[in-house]
Each structure stands twice: as C-alpha cells, then as structure tokens.
Amino acid sequence: MSTIQDKVVIITGASSGIGEATAKELASKGAKLVLAARREDRLKKLQEEIQHNGGQAIYKVADVTSHEQMEELAGYALEELGKIDVLVNNAGIMPQAFLFKKKVDEWDKMIDVNIKGVLYAIAAVLPSMREQKSGHIINLSSVAGHNIYPGGTVYCGTKHAVTAISEGVRQEEAMNGTNIRVTNVSPGAVSSELLETTTDPESKAGLDEFYKTAIDADSIARTIAFAIEQPSDVAINEMIIRPTVQVG
C-alpha cells in the first residue's frame, strides 16, 4: 500500500495541467483530495471523474491571490477531512514579453499569483501542520526559477522567488523540528494551458516553438507522488524535470 494512502492533500490550480494530473495520480494512490481553483465547472468534473474511478475528492472554488480565500480553503479541509498532510502549491501563470513593452498589468498578475499566492497558501496550512508536527509543502517553481532568458525577465523573477521561498521555509521548519518537509519542483516544458496566458505575439511564437518538445503533465505528477512517498525522515528538497531534448 502506498504511503500516500489516506493523506489529505490540497492542490491549488487543480482545474487543468499539472494540478489536474497530480490530482488523478494521487487519487489513484489513495489520497483524500481537496481540489482548489477558480473554475467550478472544471473542479466539479474532475471530482466526479476521481470519484467514478474509486477515489476521494472534495473541492472549493478559491483564488490564490486572496489571503482570506486561502485561509478559508485550509479551514474547509480541516473541517471536512480533519487534517492537512500535503499542500501542492501549483497555481501559476506565465505571460511573457520583453520588459520594454511595459506589460505592467501582467507583471502585477504574475506577482500576485506566482509569489503572493504561494505565500498565502503556505501561511494557511502551516499552523495545522506545525500543530500536528508533520506535513509536506510542495511548491511548483520552474526551470525559469534557476535560469533567466530574454522575454522571461518578470516570470523568471517570480519563479526564482518561489525557489527562494521553498528553501527559506525548509530551513525555518527544519530548525524548529516540526517535521514539515518542503519540496521545490521545477518543470521544464510541460503541456498545459500555461502558454495561453502569454498575450504578446512575439513571445507567444517563440514559446510555441520551444514547447513543441513538451512532456505530459503526468510526468510531473509522478515526480510529486515520488516525493510524497518517501519515508517521513527523508525530504526530497529539489527536483528539476525537463524533456530529455530540452537544452535551456
């Protein structure tokens, strides 16, 4: 029996892509899922599919850019399922363009979702994890959280922030002996709806070409399951997953 069996897992951005794939993977291993995203129709459909296949899932419509809604999400998980074992901090957006094009609204949205959203979700689950002296926070960064490239300046900045936040939380919880594990997952090109958040035609054309070799979201879901399945005294802190042929 998988060590994932009966773990309560919150997944943000669960309505598509890596979040959806992770939900299906963890449900197949016996996790009790709390699905969160903004699109209720997608969440309901995913819940029904998981339940049809014998899994367990509940959902709550939530926007990661709202501190209050993240607190409500954690409260909902605790009320309905009694604990929170794992947070998969997956929600993110990737609008890209050269800085001189001044897409300030897109910068603000990326900062709100990719940085503040990650912090709000972590803050919401930490108290109960610290109280139970166990837990696992999994943050979705990116290869862009390790590399920098033209056109991705702000996006890379947000994902570098996620990498730094992951390491900071890891150190804080390790020094306090809370037994909370932290994993930073950095995918390369993965098939998802992420590309659709780029509105700049020049950047979109380049991304479309780059993503022709993208791997399936299932590949990331399996690595997340691998990290969760390790014994409680083992923490997989960093994973970078690229298509075999990806250079950068």
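## How α4 and α5 pack

In this predicted model, helix α4 (residues 104-132) and helix α5 (residues 153-175) have axes that come within 9 Å and cross at roughly 15 degrees. As for handedness, the α4/α5 crossing is right-handed.

Who does the touching? On the α4 side it's Trp107, Met110, Ile111, Asn114, Ile115, Val118, Leu119, Ile122, Leu126 and Arg130. Helix α5 answers with Val154, Tyr155, Thr158, Lys159, Ala161, Val162, Ile165, Val169 and Glu173. Sort the contact by class and you get 14 nonpolar, 2 polar and 3 charged residues.

## Thr12 on strand β1

Over to Thr12, which sits in strand β1 (residues 8-12). Its relative accessibility is 1%, so Thr12 counts as buried. The Thr12 side chain reaches the backbone nitrogen of Asn90 at 2.9 Å.

Leaving out residues up to four places away in sequence, Thr12 touches Ala36, Val64, Leu73, Leu87, Val88, Asn89, Asn90 and Ala91.

Tyr149 belongs to the loop between β5 (135-140) and α5. With a relative accessible area of 30%, Tyr149 is partly exposed.

Again skipping residues up to four places away in sequence, Tyr149 touches Gln96, Ala144, Tyr155 and Cys156. Tyr155 also turns up on the α5 side of the contact with α4. And where does Gly248 lie relative to Tyr149? The two are 99 residues apart in sequence, with their C-alpha atoms 8.9 Å apart in space.

Notes:
Residues numbered from 1 in each chain as written. Predicted model: local features only at pLDDT ≥ 70, side-chain atom pairs only at ≥ 80, totals over all residues. Heavy atoms only, no water. Axes fitted to C-alpha atoms, helices over the stretch in contact; angles between N-to-C directions. Helix = DSSP H or I, 4+ residues; strand = E, 2+ residues; numbered from the N terminus. Left-handed = near helix turned anticlockwise from the far one by under 90°. Contact = heavy atoms within 4.5 Å. Nonpolar A, V, L, I, M, F, W, Y, C, P; charged D, E, K, R; others polar. Buried < 20%, exposed > 50% of the residue type's maximum accessible area, 1.4 Å probe, protein only. Polar contact = N/O pair within 3.5 Å; in protein donor to acceptor, adjacent residues only side chain to side chain.
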